[in-house]
Amino acid sequence: MRTAGNVLWFVLFGWHIALTWLVAGLIFAITIIGLPLTRSALEMAKMSAFPFGKEIVHIRDIDQKELSPKTMMTGTVGFIFNLLWAVTFGILLFFYYILAGVLACLTILLIPFGLQCFKLAAISIWPVGRRVVSNEVAGLVRHDKAAAYIAKHRS
């Protein structure tokens, strides 16, 4: 089902949304300073092209690093880049996903595609620090995060 959904998604929505992400990433790559945004744009282009069977997780949930001066600094830099992204391409992509999601949900058959659009809209404004992973890996990440939370509060 994932394959059929991804193929249909790519034909109807994915190719032009992924192309928008790639163009935005290329523009930021040319500036050299925007290279972290390029990485995020490539991750999101991959997700936008074939979203079924994938989820987005935060990099901190994957590496499970504790708060330190280094992680605080990278978090601050990531915040600045996310802010830069949000005021340039993020808001444009957000509204594009919302419009595509509403149009897809107007038909009964395309409601799953509309839900994918809404999932991607939420991430399109703040993509730095996110990684595209399979649903199975995302489930493991959530499980490990929950286990760490429980262990921390039990001791």
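Biologist: Which residues does Trp85 touch, leaving out those up to four places away in sequence?

Modeller: Bear in mind this is a predicted model. Trp85 touches Trp21, Ala24, Phe28, Leu37, Ala41, Gly90, Leu93, Ser124, Ile125 and Pro127.

Biologist: What makes the largest nonpolar core, and which residues have the most contacts inside it?

Modeller: That core has 29 residues, and Trp9, Phe13, Trp21, Trp85 and Tyr97 have the most contacts inside it. Two or more residues each come from α1 (2-30), α2 (35-49), α4 (69-105) and α5 (111-124). To be counted, a residue has to be buried and joined to the set through side-chain atoms within 4.5 Å.

Biologist: Why are α2 and α5 called roughly antiparallel?

Modeller: Their axes cross at roughly 170° and come within 11 Å. Angles over 145 degrees count as roughly antiparallel, so that is the term for α2 and α5.

Biologist: Which residues make the contact between α2 and α5?

Modeller: From α2 it's Met44, Met47 and Ser48, and from α5 it's Lys119, Leu120 and Ile123. By type, that contact has 4 nonpolar residues, 1 polar and 1 charged.

Biologist: What is the phi of Ile32, and where does Ile32 sit?

Modeller: Ile32 has a positive phi of about 65°, although it is not a glycine. Most residues other than glycine have a negative phi. Ile32 lies in the loop between α1 and α2.

Biologist: Why is Ile32 called exposed?

Modeller: The cut-off for exposed is over 50% relative accessible area. Ile32 has 59%, so it is exposed.

Key
Residues are numbered from 1 along each chain as its sequence is written. This is a predicted model: local features need pLDDT of at least 70, side-chain atom pairs count only at pLDDT 80 or more; totals for chains, interfaces and linings use all residues. Side-chain values use heavy atoms; hydrogens and water are left out. Buried means under 20% relative accessible area, exposed over 50%, partly exposed in between (1.4 Å probe, protein chains only). Helices (H or I, at least four residues) and strands (E, at least two) are DSSP runs, numbered from the N terminus. Contact means heavy atoms within 4.5 Å. Axes are lines fitted to C-alpha atoms, for helices over the stretch in contact, and angles run from 0 to 180 degrees between N-to-C directions. Angles under 35 degrees count as roughly parallel, over 145 as roughly antiparallel, 65 to 115 as roughly perpendicular and the rest as oblique. Ala, Val, Leu, Ile, Met, Phe, Trp, Tyr, Cys and Pro count as nonpolar, Asp, Glu, Lys and Arg as charged, and the others, Gly among them, as polar.
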